[in-house]
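Hi everyone, thanks for coming. Let me put the sequence and the structure up so that we can walk through them together.

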Amino acid sequence: MTTEFKKIFIATDGSEQNRRAIEYGIELAKIAGGKLFVGYVVDTAAFASIPMDAGWEMMYELLETEANDAVQKVEKLAKKAGVEAETVVLEGHPSNEIIEFAQKNGIDVIVMGTLGKSGLDRFLLGSVAEKVTRNSTVPVLVVKGVSSKKE
């Protein structure tokens, strides 16, 4: 079986802990001669129960700005490494949107980071990386993030 990684999707959350996953995704695209798609999901599901008013719109604009900044930073890193990159900002539940984007766009591999949460944190918060890994038909490369805390 020959596996080619011509379309690589890096799902970023804009955090510093996600940097290793970004580096892996860019390197994989460079080695494979593939194209990067860089995505950020604005989690609008978290705001579904909040009435839409001026405060909600302002919050959404902040999240959208954060999303655009995050994908543009990755795009710059990719271009610096000589890798073609296309950015996308999605809206909805992060794991669902990542999986759907990958399927609709013929993505060969999803690259994403995790902080490696365990126990009660993971149970209560859920893990986007875990949900994507569990439910995606597209292969997923999960790169453990580096915590800024010393453990």
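A bit of housekeeping. This is a predicted model, where local features need pLDDT of at least 70, side-chain atom pairs count only at pLDDT 80 or more, and totals for chains, interfaces and linings use all residues. Residues are numbered from 1 along each chain as its sequence is written, and side-chain values use heavy atoms, with hydrogens and water left out.

Okay, the helices. When I say helix, I mean a DSSP run of H or I with at least four residues, numbered from the N terminus. Please find H3, residues 94-104, and H5, residues 128-135: they pack at an angle of about 40 degrees, and their axes are 9 Å apart. That angle makes H3 oblique to H5. For the cut-offs, under 35 degrees is roughly parallel, over 145 roughly antiparallel, 65 to 115 roughly perpendicular, and the rest oblique. The axes themselves are lines fitted to C-alpha atoms over the stretch in contact, with angles running from 0 to 180 degrees between N-to-C directions.

So which residues of H3 and H5 meet? From H3 we have Pro 94, Ser 95, Ile 98 and Ile 99, and from H5 Val 128, Lys 131, Val 132 and Asn 135. Contact here means heavy atoms within 4.5 Å. The residues of this contact divide into five nonpolar, two polar and one charged.

Now, salt bridges. The rule is a side-chain nitrogen of Lys or Arg within 4 Å of a carboxyl oxygen of Asp or Glu. How many salt bridges does that rule give? The count comes to six.

Let's start in H1, residues 19-32, where Arg 19 and Glu 23 sit four residues apart, about one turn of the helix. Their closest N and O atoms are 3.5 Å apart. Arg 19 counts as partly exposed at 37% relative accessibility, and Glu 23 is partly exposed too, at 42%. Buried would be under 20% relative accessible area and exposed over 50%, with partly exposed in between, using a 1.4 Å probe and protein chains only.

Over in H2, residues 54-80, Lys 79 and Glu 75 are also four residues apart, and their salt bridge is 3.5 Å, N to O. Lys 79 is exposed, at 52%.

Lys 104 is exposed at 64%, whereas Glu 100 is partly exposed at 36%.

Last one: Lys 35, Glu 84 and Glu 86 are linked in a network of salt bridges.

Definitions and conventions: Helix = DSSP H or I, 4+ residues; strand = E, 2+ residues; numbered from the N terminus. Nonpolar A, V, L, I, M, F, W, Y, C, P; charged D, E, K, R; others polar.
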